[in-house]
Amino acid sequence: MSTSTPARRTLLVPAAALALAAALTACGDLHASEATGTAPSPSAPSAPSSPPASGASPYVEPGAGDGAPHYNDNNAYRREGEMAPAHEKDARREADRIRPVLKRLWREGKWDPATVRAALLRLGYEEERVTKSGKRLGGTLTVTGMLARWEGDGYVTPEGTRVALRVHDDACVSAFVQKSNFGVRTNGPYPETGCFEPPYGH
């Protein structure tokens with residue numbers, strides 16, 4: 001039995017690793033312009049030769065919007081519930097009733113909560129009543145002012161009205177009307193804010 005074969009293998013492995021390392025770290029990059037003999041385009045900057053600094057998390061959840069760790073957990077409060085198909089159809093029908101009313105008010109320049117509430121109550125809706133603990137006592141319509149938002153040096157509350165109509169426990173119509181525009185859509189309820197889409201910055 002010869003002992004030269006294991007020794008030869010032992011020497012070949014480091015030699016192969018050194019050759020591979022030399023090939024991977026060779027100086028100079030071959031650019032397409034050099035290979036073809038054409039001059040590089042002055043308007044196209046060359047890519048950096050070193051990889052960018054690693055600050056991103058190696059763990060990205062499936063469906064994570066911006067790739068941030070725990071994105072889905074942190075944004076669960078912004079995820080609307082699913083609507084049963086029949087209930088979604090009912091919600092679309094109610095949205096079709098609300099849309100022309102808000103469009104008319106917008107054209108008339110009337111987007112204050114009192115005016116919007118009165119116009120929607122004339123469609124036969126009843127205002128939703130809720131206890132301090134969150135228990136619903138009846139009614140389906142909620143009309144409020146717009147949410148405050150940060151502008152410049154502080155919070156401002158824009159003119160306008162937000163509307164939420166609970167069509168079923170799992171189906172809502174949410175809408176708004178303000179000076180610039182109006183909108184009506186159907187959605188499932190949110191875990192913490194019901195039919196209203198929650199604000200950012202939880």
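Predicted model: local features only at pLDDT ≥ 70, side-chain atom pairs only at ≥ 80, totals over all residues.
**Exercise 1. Work out the strand order of the open sheet of 4 strands, and find which strands form its edges.**

Solution. 
- Start with the order: going across the open sheet, you meet S3-S6-S7-S8, and the pairing is antiparallel.
- Next, look for strands that pair on one side only: these are S3 (141–145) and S8 (182–187), so they are the edge strands.
- Zoom in on one pair: S7 (residues 171–177) and S8 run antiparallel and are joined by 6 bridges. For Cys172, the bridge partner in S8 is Asn187.
- Helix H4 (residues 85–108) lies across S6 (161–168), S7 and S8, and runs at about 170° to S8.
- Helix H5 (residues 113–121) also packs on the sheet, where it touches S3, S6 and S7. The direction of H5 makes about 165° with that of S3.

**Exercise 2. Decide whether Thr161 is buried or exposed, then describe its surroundings.**

Solution. 
- Apply the cut-off. Buried means under 20% relative accessible area, and Thr161 comes out at 0%, so it counts as buried.

**Exercise 3. Find the disulfide, give its handedness and say which parts of the chain it ties together.**

Solution. 
- Count first: the structure holds 1 disulfide.
- Identify the pair. Cys172 and Cys195 form it, with their sulfur atoms 2.1 Å apart. As a reminder, a disulfide is a covalent bond between the sulfur atoms of two cysteines.
- Read off the torsion: about the S-S bond of Cys172 and Cys195 it is about -65°, so this disulfide is left-handed.
- Locate both ends. Cys172 lies in strand S7, while Cys195 is in the segment after S8, so the bond ties together parts that are 23 residues apart in sequence.
- Finish with accessibility. Cys172 has 0% relative accessibility and so counts as buried. Cys195 is buried too, because its relative accessible area is 5%, and the cut-off for buried is under 20%.

Technical notes: Residues numbered from 1 in each chain as written. Heavy atoms only, no water. Pairing = 2+ DSSP bridges. Helix = DSSP H or I, 4+ residues; strand = E, 2+ residues; numbered from the N terminus. Contact = heavy atoms within 4.5 Å. Axes fitted to C-alpha atoms, helices over the stretch in contact; angles between N-to-C directions. Buried < 20%, exposed > 50% of the residue type's maximum accessible area, 1.4 Å probe, protein only. Disulfide = S-S within 2.5 Å.
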